[in-house]
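User: I'm new to this one and would like to be walked through it. Could we look at it together?

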Amino acid sequence: MRVGIVCPYSWDVPGGVQEHTRDLAEALMDLGHQVSVLAPADDDEGLPDYVVPAGRAVAVPYNGSVARMAFGPLSANRVRRWIKEGNFDLLHVHEPAAPSLSLLACWVADGPIVATVHGATNRSRALHVAEAVLRSALEKISGWIAVSEAARTTMVSHLGGDAVLIPNGVTVRRYEKAEPLPGWPGEGGALGFVGRMDEPRKGLPVLLRAFEKVAAERPGLRLLAAGPGDEAEVLARVRPQVRDRVVLLGQVSEAVKVRAYHSVDVFCAPNTGGESFGIVLAEAMAAGAPIVASDLDAFRRVLRGGRAGELFENGNSDDLAAAIGRLLDDPERRASLSAAASAAVRDYDWPKIARDVVKVYQAVLPAPQGT
Amino acid sequence: MSPLISLLIIALIAMIGVYVSWRAGRLDRLHTRVETARASLDAALVRRSSVVLELAASGLLDPAASLLLADCAHNARSADSGRELAESDLTRTLRTVLSQPGFAASIEGRDGADELIGELEATTQQVFLARKFYNDAVAVTVAARRRWLARVLRLAGGAPMPEFFEIDDIVVPGGMGERGTDMPHLAG
């Protein structure tokens, strides 16, 4: 199948939608499909050969902040030419309600279109104001995919219609094997955390309380945390007796993040809410880390009801401390959780997710004539 | 005291009274001027956002540009405290959309395009003028209220100190063009 994928945001800027389109494109190609990705790019150098640059995105105020979007006659012409030259069986646009390339693609395209909604933000006002213009473009989409329940709710309430839920994938082979960071996990054991440190919903405060408790009884235990946030502020919230055993890496590259997952004995996902899927959790599973996670619905589902990772009562640091203690004392249980996590995450491996996406493609393609 | 001196004192007091009341009257007139100027500025801004919404819904632009314009125009109309910021955002988005390469060619000869762009030009000019005159009125009023007599005698009464309205309202870059005017002109 010849698939044209449209990414609305600049390819050279890191972001969830960009990563998703990259992984999807590569997984589809592995399945034997021909893929071309159209995306804005500041610099045409160094793009993968399946990416067609659509020019620079322009910074404009939108939805309460400044975003970089591609619009205007020139962008529209580029989309038109790409569609014409690509001769695609089907277009797959991402985040089509954002005022950028995907929306333009819907506007100029004729053939079958599949769309994926990523965000769960409330942009009903703008959608409402420009409804007529949007509707004629979005009506051409014949199949909708949402990456999370929250994204589906946004889509259903603002645009109407329904969407198939297909979660974000994780490219398991990128996480499976890696060297631990030098000196980790160490003799006394190590706990891990990945996520924004200054975002309370990611749950670092809950983990810090639990760590203080467990660390008081285990003199060698350390905590390794990676993610953006003010490091001094985080450390100031930790009891001085155990402060030197909290190691903050700050924002790290993908390679270091993968190694961090392999550097700990127990990986903690103490998120307190708002997590639609938990890509971090899936990554830790792909790395085969023994996991303790809060019992959010989404986490419970991903962790197979507790078989692929321990669950603790959301927000309860005593419960978390107890679960951590149990796992640290039980290497066999850790090994079995690790194996179960590696097996469970296969459901979210990109090749598998991409096959589900292809089924959506097949559902919107015109039925073959005859037979 | 000689009658002449008393007469002079009475005359002096009367003159001071007349002067003070003239100053108070002048301040009052200035405040009225500020209010009138503000009303026409508000009207001009509302007209501008209406025309932008109309442009967004016209189908002349691509849907992405339409959505961006609609979002900004809507924010400008519903903004309360952040009015200046929201109006500046509207100006900037308008400027960005109009200055996209190929914009003029893409709407040329389309139904209703000339009228809409003409209206847009008229409202941008109204905003430009109304804001200039309003800030002018504010400047004079603020200066008059800062004079010591006005402060000591509280000649302005309880009227709030008028504030400047600072926004980016230059939809087309360039200022004084060859026409020798700094009025914004969208077309040609």
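User: Before that, what kind of model is it, and how do I read the names?

Analyst: It is a predicted model, so local features need pLDDT of at least 70 and side-chain atom pairs count only at pLDDT 80 or more, while totals for chains, interfaces and linings use all residues. Residues are numbered from 1 along each chain as its sequence is written, and chains are lettered from A and ligands numbered from 1 in the order in which they are written.

User: Ok, chain A. Which domains does the assignment give?

Analyst: The assignment for chain A gives domain 1 (2–169 + 350–364) and domain 2 (173–347), with bounds that come from an automatic or database domain assignment. Taken over C-alpha atoms, the centres of these two domains of chain A are separated by 33 Å.

User: And how many helices and strands?

Analyst: Chain A has 16 helices and 15 strands, where helices (H or I, at least four residues) and strands (E, at least two) are DSSP runs numbered from the N terminus.

User: What about its radius of gyration?

Analyst: Chain A has a radius of gyration of 22 Å, which agrees with the value near 21 Å that a compact globule of 371 residues would have; the radius is taken over C-alpha atoms, and the globule rule is 2.2 Å times the number of residues to the power 0.38. Along the principal axes, the C-alpha atoms of chain A fill a box of roughly 70 × 50 × 40 Å.

User: Sheets next. What is the order of the seven strands?

Analyst: The seven strands of chain A form an open sheet in the order 3-2-1-6-7-8-9, with parallel pairing; two strands count as paired if DSSP finds at least two bridges between them. Strand 3 (51–53) and strand 9 (164–165) of chain A are the edge strands, each pairing on one side only.

User: How many bridges join strand 1 to strand 2?

Analyst: Five bridges join strand 1 (residues 2–6) to strand 2 (residues 34–39) of chain A; A:Ile5 has A:Val37 as its bridge partner, and A:Val6 has A:Leu38.

User: Why is strand 1 called largely enclosed?

Analyst: Strand 1 of chain A is largely enclosed by the rest of the structure because four of its five residues are buried. A residue is buried if 20 or more other C-beta atoms lie within 10 Å of its own, exposed if 12 or fewer, and partly exposed in between, with C-beta atoms placed from the backbone.

User: Which strands does helix 3 lie across?

Analyst: Helix 3 (residues 101–108) of chain A lies across strand 1, strand 2, strand 6 (90–94), strand 7 (113–117) and strand 8 (141–146) of chain A, running at about 150° to strand 6. Axes are lines fitted to C-alpha atoms, for helices over the stretch in contact, and angles run from 0 to 180 degrees between N-to-C directions.

User: And the sheet with six strands?

Analyst: Six strands of chain A form an open sheet in the order 12-11-10-13-14-15, and the pairing is parallel. Strand 12 (246–250) and strand 15 (310–312) of chain A stand at the edges with a single partner strand each, so one side of each is left without a neighbour in the sheet. Three bridges join strand 13 (residues 266–269) to strand 14 (residues 291–294) of chain A, and A:Phe267 stands opposite A:Ile291 in strand 14.

User: Switching topic: which residues touch the most other members of the largest nonpolar core?

Analyst: Of the 147 residues in that core, A:Ile291, A:Ile324, B:Leu68 and B:Leu69 touch the most other members; a nonpolar core is a set of buried Ala, Val, Leu, Ile, Met, Phe, Trp, Tyr and Cys residues joined through C-beta atoms within 7 Å. Helix 2 (residues 63–78) of chain B gives the most to this core, with nine residues.

User: Last one, A:Arg196. Where does it lie, and is it partly exposed or buried?

Analyst: A:Arg196 lies in the loop between strand 10 and helix 8 (204–217) of chain A, and A:Arg196 is partly exposed, with 13 other C-beta atoms within 10 Å. Leaving aside neighbours within four places in sequence, A:Arg196 is in contact with A:Lys202, A:Gly227, A:Pro228 and A:Gly229, where contact requires C-beta atoms, placed from the backbone, to lie within 7 Å.

Note on methods:
Contact = placed C-beta atoms within 7 Å.
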